Amino acid sequence: MEEYWLWLCSQSEIASKKMEKLLRVFGTPEELYRAKRGELEKLRFLKEWEMDRLLQKEENPSEVYHRQREREINFISREEKSFPKRLLSIADKPFGLFFKGRLPGEEKKSAAVIGARACTYAGQALAGQIGEELALADVEVISGMARGIDGCAQEAALRAGGESYAILGSGVDVIYPPEHQGLYESLCQIGGVISEFPPGSAPLAKHFPRRNRLISALADFVIVVEARERSGSLITVDCALEQGKEIYAVPGRPSDALSRGCNRLIAQGAGIFSSTEQVLEEQGIACKNIKKKEKKQIRLATKENLVYSCLDLRPKSLQRILDETKLPMDETIEILLKLQMREVIFEVTKNYYQRVL
């Protein structure tokens, strides 16, 4: 029967609501697969192109199923006992999932860590810290393998020895973005990549809102690190709220565009993220394995301390450092080099500096 569920999931051009109606009419995917044109024509809700699509029998479903298994692409229908139970409780539950690697377990807690693709360096650092600390607390990290916050959190979770799962807006054999090939391969080994779209599906814009509902559904709670007022991350948050999940948002300065989405969420009742430990404690998750990084005992000369003190976790330009410290340029550059050698600051891009987290 699984091969017919796979065939049904491959009809992704047809709206899921219509496919649900068809299942109610025919009972099983196999009966729908075997339906004749005359039977479909009696259903007034189907368009001509949809009937044509359903009647195209280019390949035997069993052959497709086994060929995909040979490519290490797994498939599971929602009828199987091992299908993720978290997904069965949502209104628009998927018919099935394609995946490489594993599916998230039911025995562990999971957190979605999401945010802006074009994020700040401070946002990247914080996402990495959150991903690492969640992994140390044995919490699975769920995200979308996207650029920015998502990828940083997932990479850090894997480096810390944890598990992470990426929900894709493309087929599981399509690596998007392409620069995340290394992360993709790691996820396939230590976690999994998952999609409800059939192999070969391109990362189309219309796929991502549907992908986002699965990210929130697979998570016990959601952490938003950075988000603009109109952000794809907020679609995930809306889905999470509909699913009864708790949201935590990292607050930021009102003047920062990437903080406005998070600040709005907090104004609307989301929890304020102050630390991973705080969130874990509120979720009833033991966090004794999280060891706070010892702060470096920094003993600096007066002028070095002056330069160090004017830096924070947001990149600051050399010109601004000069304006604030009033030191000569050659002396400031020399101090910045010394601080970099002591690994207490780093140069983010040319002539932009920030503290090490």
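These notebook entries record what I looked up in the structure.

**Basis.** I worked from a predicted model, in which local features need pLDDT of at least 70 and side-chain atom pairs count only at pLDDT 80 or more, while totals for chains, interfaces and linings use all residues. Residues are numbered from 1 along each chain as its sequence is written, and side-chain values use heavy atoms, with hydrogens and water left out.

**Overall.** I found 17 helices and twelve strands in the protein; helices (H or I, at least four residues) and strands (E, at least two) are DSSP runs, numbered from the N terminus. Along the principal axes, the C-alpha atoms fill a box of roughly 85 × 40 × 40 Å. Of the 357 residues, 51% are buried (under 20% relative accessible area; exposed is over 50%, partly exposed in between; 1.4 Å probe, protein chains only). Among contacts with a separation of 6 or more, 70% come from residues 24 or more positions apart; contact means heavy atoms within 4.5 Å.

**Helices H16 and H17.** I noted that H16 (residues 318-325) packs against H17 (residues 329-341) at an angle of about 110°, with the axes 11 Å apart. Axes are lines fitted to C-alpha atoms, for helices over the stretch in contact, and angles run from 0 to 180 degrees between N-to-C directions. The two helices are therefore roughly perpendicular (65 to 115 degrees; under 35 is roughly parallel, over 145 roughly antiparallel, the rest oblique). From H16, Leu-318, Ile-321, Leu-322 and Thr-325 meet Met-329, Thr-332, Ile-333 and Leu-336 of H17.

**Cysteines.** I looked for disulfides (pairs of cysteine sulfur atoms within 2.5 Å) and found zero. The closest cysteine sulfur to that of Cys-119 belongs to Cys-152, at 5.5 Å, which is too far for a bond. Cys-119 counts as buried at 15% relative accessibility, and Cys-310 counts as buried at 12%.

**Backbone.** Most residues other than glycine have a negative phi, and most peptide bonds are trans. I recorded these departures:

- Tyr-176 and Pro-177 are joined by a cis peptide bond, with omega about 0°; Pro-177 sits in the loop between strand S5 (164-167) and helix H10 (181-189).
- Glu-72, not a glycine, has a positive phi of about 65°. Glu-72 lies in the loop between helix H6 (61-70) and strand S1 (74-77) and is exposed, at 58% relative accessible area.
- Asn-351, not a glycine, has a positive phi of about 65°. Asn-351 lies in the loop between strands S11 (345-349) and S12 (352-355) and is partly exposed, at 31%.
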